[in-house]
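Visitor: I have a model on the screen and some terms to check. Can you take me through them?

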Amino acid sequence: MTTEKPHISVKNLNVHIDGNHILKNISIDIPDKKVTSFIGPSGCGKTTLLKTFNRLLDRQGNVEITGQVLVDGEDLYSPDTEVTHIRKKMGLLSQRPFPLPMNIYDNVAYGARIHGQRDKKELDRIVEHYLRGVSLWDEVKDRLKDPATRLSIGQQQRLCLARGLAVEPEIILGDEPTSALDPVSTQRIEELFLELKDKYTLVLVTHILRQARRVSDYIVFIYMGEIIEFGTTEEVLLNPREKLTKDYVKGYIS
Amino acid sequence: MKNLRLTIDKITGNVFLIFTLLATVTVILIGAGLYYKSAPILHSNSLSSLLLSAEWKPFKSSFGFLSYIAGTLSITAIAIIIALPISLLTGIYLSEYAHAKVKRALLPPIDLLSGIPPVIYGVWGVLIIVPFVQEKIAVHFVEFSSGYSTLAGGIVLAIMIIPLIISILLEVFSTIPDGLREASLSVGATKWETIKFVVLKKSMPGIIAAVVLAISRAFGETIAVLMVCGNIPEIPHSIFDSCYPLPALIANNYGEMLSVPMYESALMLAAFILFIIIFLFNAISRIILYRLERSSN
């Protein structure tokens, strides 16, 4: 469907959770350094699909995954793939911010420290660089030692983004990352996404069609565990080929 | 009809308040009652001779509680030192590692452990733990131990509080949102790093609360402990010496020898001291918890 080089390639992916067939024969190539949004009604499997990318899905029991997910040609579900290595490649932004139980500085430095960075100066540089990257530096530079939970929800979400970026991932996964935020914070996150897509591949799950339209290059419409339509934002939202997509975009199904 | 509903609404809150106050007042009444009953000995003997002396000669009117206080504190300390690591590791395993099926299979026996009556723990302690301490452990360290010792009491007590700590810990770990674990995992942290830096750190107030509850319970545990600890009113110099905790003193002697002057009052003072120890312990731990919660939010 697209001519761009794929960053994530999903091939014949099937997911069963507690015996229910949640994702059915998913095959999709997610283009490099673009924003791709998954849209679809609640429970359609879009979050499940996102979570197969960083192997958070198979943490829980009773999940059966067949098929392939290739990132840079490496199969995530092959037995000798190292999970921590894959996850490091992908920043995750969840539905609501989850700051770690430590101060602002340590939140951003967490990943770098985990991966062996001990040099204080280098950590200082990393923390400042990524807090600036999410335009949070000026707001928090005088209180880096405060618990991260004292920040507003919008600031916390930007902090979580900085924490994810600080391990230098290639891909950013966003699971309805603005659903807990007020309109101003939402706008800032969306602006950040547009800046980030020069350097990263972004995959977003969203149920806000206007947001999908504002930020994404490509849109995937998922319904009942199947990909119904995949194309550029204009194609899918303005000129859908499938009747189901048309109904969803017009608000007939939700 | 409408008025009736509103009246009932007003009454309910107050009725519940009365019952809540009842519990609070009971604590005060017990404390006051114990003080009233132990007042005679507090007037006739000096506080330092009661608390800082280990001389216990009821017929000579010398009632030094130090050995009993030492017995209570050392048995409880041994119990928590044994129980905490075991419960913590079990709790982490069941909450973070075990599959749902394994958890379902392993949890009921642990819960059952807390349902066994203390006297059975006592008998089991006499039959198994006491000889074990005497023959397998003490021989390597001291010339002689009967096995009826502070260590035996601590071990039995530890086994009694382990299920309590585990069940509170599981409750605490289950309140940690999964998104927090995912946040840590998603930057490439391993499971153990996530547990160490995120789950345990976030659970710290809950872990402390679990330990406090277990210790409070351990202070008061009577029958199982008195069956294995030897009941000799001396300060234990090693964990293989016998000791005599406060609850055992009361349970063994109340109702007997009450013709000895001041004896009843002395036993009431023992109860009062136990009451104060638990009260102080709870108060201190509440302060620690409060500080901890304030510093993390």
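Visitor: In what order do the elements of chain B run from the N terminus on?

Guide: They run α-α-β-β-α-α-α-α-α-α-α-α-α. Helices (H or I, at least four residues) and strands (E, at least two) are DSSP runs, numbered from the N terminus. By that rule chain B has eleven helices and two strands. This is a predicted model: local features need pLDDT of at least 70, side-chain atom pairs count only at pLDDT 80 or more, and totals for chains, interfaces and linings use all residues. Residues are numbered from 1 along each chain as its sequence is written, with chains lettered from A and ligands numbered from 1 in the order in which they are written.

Visitor: What makes a residue of chain B count as buried?

Guide: It needs 20 or more other C-beta atoms within 10 Å of its own, with C-beta atoms placed from the backbone. In chain B, 34% of the 297 residues pass.

Visitor: Why do β6 and β10 of chain A stand at the edges?

Guide: Two strands pair if DSSP finds at least two bridges between them. The open sheet has the order β6-β7-β8-β3-β9-β10 (chain A), with mixed pairing. β6 (90-93) and β10 (226-232) of chain A each have a single partner strand, so one side of each lacks a neighbour in the sheet.

Visitor: How do you know that β9 and β10 of chain A pair?

Guide: Six bridges join β9 (residues 218-223) of chain A to β10(A). The definition asks for at least two, so they pair. The two strands run antiparallel. One of the bridges links Tyr218(A) with Thr232(A) in β10(A).

Terms used
A residue is buried if 20 or more other C-beta atoms lie within 10 Å of its own, exposed if 12 or fewer, and partly exposed in between; C-beta atoms are placed from the backbone.
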